[in-house]
Amino acid sequence: MDLRHLRYVVAAARNGSFSAAGHELNVRQPIISKRIRELEDELGVFLFDRATSGARLTPTGEEFVVSARRIIEGFQRLFDLAKASGTGKTGRIVVGFYRSMSSGCFRTALRTFRRKFPGVEVELMEASYIELKAGLISGTVDLAIVLGDTGKIELLESMPLWSAHLLVALPEDHVLAQKPTIYWSELKGERFLISQDDPGPDLRNILLRHLAAPSDHPEIVMRQLSREAILSEVGSGEGISLQCDGPAGISEHGVVVRPVHDGNGGTRLGYIACWRPDNSNPVLKNFFDTIRCSD
């Protein structure tokens with residue numbers, strides 16, 4: 001007995017004749033009749049009463065067809081599930097990102113992906129750059145979204161995603177708070193509060209690149225504080241800070257944010273996606289396609 005035999009029996013029962021079953025399955029009637037007879041001989045029972053008018057199930061055949069239908073339907077579900085999994089329509093993906101990241105592009109991409117692929121479980125992991133890198137290399141993280149340029153992490157593949165304006169967070173009563181844009185030259189002499197959590201170290205490097213000089217070094221205070229706590233300190237007049245995107249609830253902290261410009265326009269920060277080149281998770285491709293479209 002195999003699945004083919006079960007399909008022939010169910011089709012014959014549904015159509016009331018072997019010839020009609022053969023027409024439905026595109027199989028010659030003698031083959032249908034022969035295979036069903038083989039099955040009856042193997043079982044030692046008759047499944048059909050044959051007549052010139054067609055074939056009618058015996059009581060044993062009726063019970064057999066009920067179970068046969070369940071087996072065929074279960075096999076089809078298994079087939080569909082395996083096929084969907086192989087094309088990344090079902091399964092699981094672990095996506096890592098910085099604890100302080102709240103990029104609107106990332107949220108949009110995630111929402112779009114979950115809507116398009118409801119059969120995929122997306123597990124999010126907030127972590128530091130070091131933790132994300134270790135997770136990628138060990139295989140516990142499928143994909144990580146971080147600030148930087150492609151090729152940032154050796155041994156990993158990467159691709160550019162979206163970019164975000166670099167913003168400066170100022171107390172509402174700061175002398176620069178009324179300006180629509182802030183230039184780097186206007187930030188000289190300021191005290192910067194930067195979180196030690198990522199992307200704080202990246203922001204520190206950006207500050208040094210734009211403001212450091214042989215005879216001048218910006219005052220940068222690194223604190224083990226969350227972004228919200230940093231903003232609260234800014235609102236209290238303890239300094240100013242850089243942000244990757246517009247933080248929520250800034251009015252609660254008494255803070256305003258303004259884009260930072262240089263001579264060529266606004267300063268932008270690029271996000272990249274990183275993954276192991278030997279990661280065979282089929283969900284990855286669909287996630288890549290989604291975040292590209294959401295760029």
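Predicted model: local features only at pLDDT ≥ 70, side-chain atom pairs only at ≥ 80, totals over all residues.
Residues are numbered from 1 along each chain as its sequence is written, and side-chain values use heavy atoms, with hydrogens and water left out.

**Exercise 1. Overall form**

Describe the secondary structure, the dimensions and the burial of the protein chain.

Solution. 
- Step 1: The protein chain has nine helices and 14 strands. Helices (H or I, at least four residues) and strands (E, at least two) are DSSP runs, numbered from the N terminus.
- Step 2: The C-alpha trace spans about 105 × 40 × 35 Å along its principal axes.
- Step 3: The radius of gyration is 32 Å, whereas a compact globule of 295 residues would have one near 19 Å. This radius is taken over C-alpha atoms, and the globule rule is 2.2 Å times the number of residues to the power 0.38.
- Step 4: Of the 295 residues, 44% count as buried. Buried means under 20% relative accessible area, exposed over 50%, and partly exposed in between (1.4 Å probe, protein chains only).
- Step 5: Among contacts (heavy atoms within 4.5 Å) between residues at least 6 apart in sequence, 72% join residues at least 24 apart.

**Exercise 2. Salt bridges**

Solution. 
- Step 1: Apply the criterion: a side-chain nitrogen of Lys or Arg within 4 Å of a carboxyl oxygen of Asp or Glu.
- Step 2: In one of them, the closest N and O atoms of Arg 14 and Glu 24 are 2.5 Å apart. Arg 14 lies in helix H1 (residues 3-15) and Glu 24 in helix H2 (residues 18-25), so the pair ties together parts that are ten residues apart in sequence. Glu 24 is partly exposed, at 39% relative accessible area.
- Step 3: Asp 202 and Lys 152 also form a salt bridge, at 3.5 Å from N to O. Because Asp 202 is in helix H7 (residues 200-211) and Lys 152 in the loop between strand S5 (143-147) and strand S6 (157-165), this pair ties together parts that are 50 residues apart in sequence. Lys 152 is partly exposed, with a relative accessible area of 29%.
- Step 4: Arg 191 pairs with Glu 219 in a salt bridge whose closest N and O atoms are 3.1 Å apart. The pair links distant parts of the chain, strand S9 (residues 191-195) for Arg 191 and strand S10 (residues 219-223) for Glu 219, 28 residues apart. Both are partly exposed, with relative accessible areas of 27% for Arg 191 and 42% for Glu 219.
- Step 5: A network of salt bridges links Arg 37, Glu 40 and Arg 50.

**Exercise 3. Arg 35**

Locate Arg 35 and list the residues that it touches.

Solution. 
- Step 1: Arg 35 sits in helix H3.
- Step 2: Leaving out residues up to four places away in sequence, Arg 35 touches Arg 4, His 5 and Tyr 8.

**Exercise 4. A nonpolar patch**

Which residues make the nonpolar surface patch, and where is Val 45 found?

Solution. 
- Step 1: Met 1, Leu 43 and Val 45 make the patch, of about 230 Å². Patches are made of residues with over 30% relative accessible area and no salt bridge; like charges are joined within 9 Å, nonpolar side chains (Val, Leu, Ile, Met, Phe, Trp, Tyr) within 5 Å. Accessible areas come from the Shrake-Rupley method with a 1.4 Å probe; for residues, only the protein chains shown count as cover.
- Step 2: Val 45 is in the loop between helix H3 (29-43) and strand S1 (48-51).
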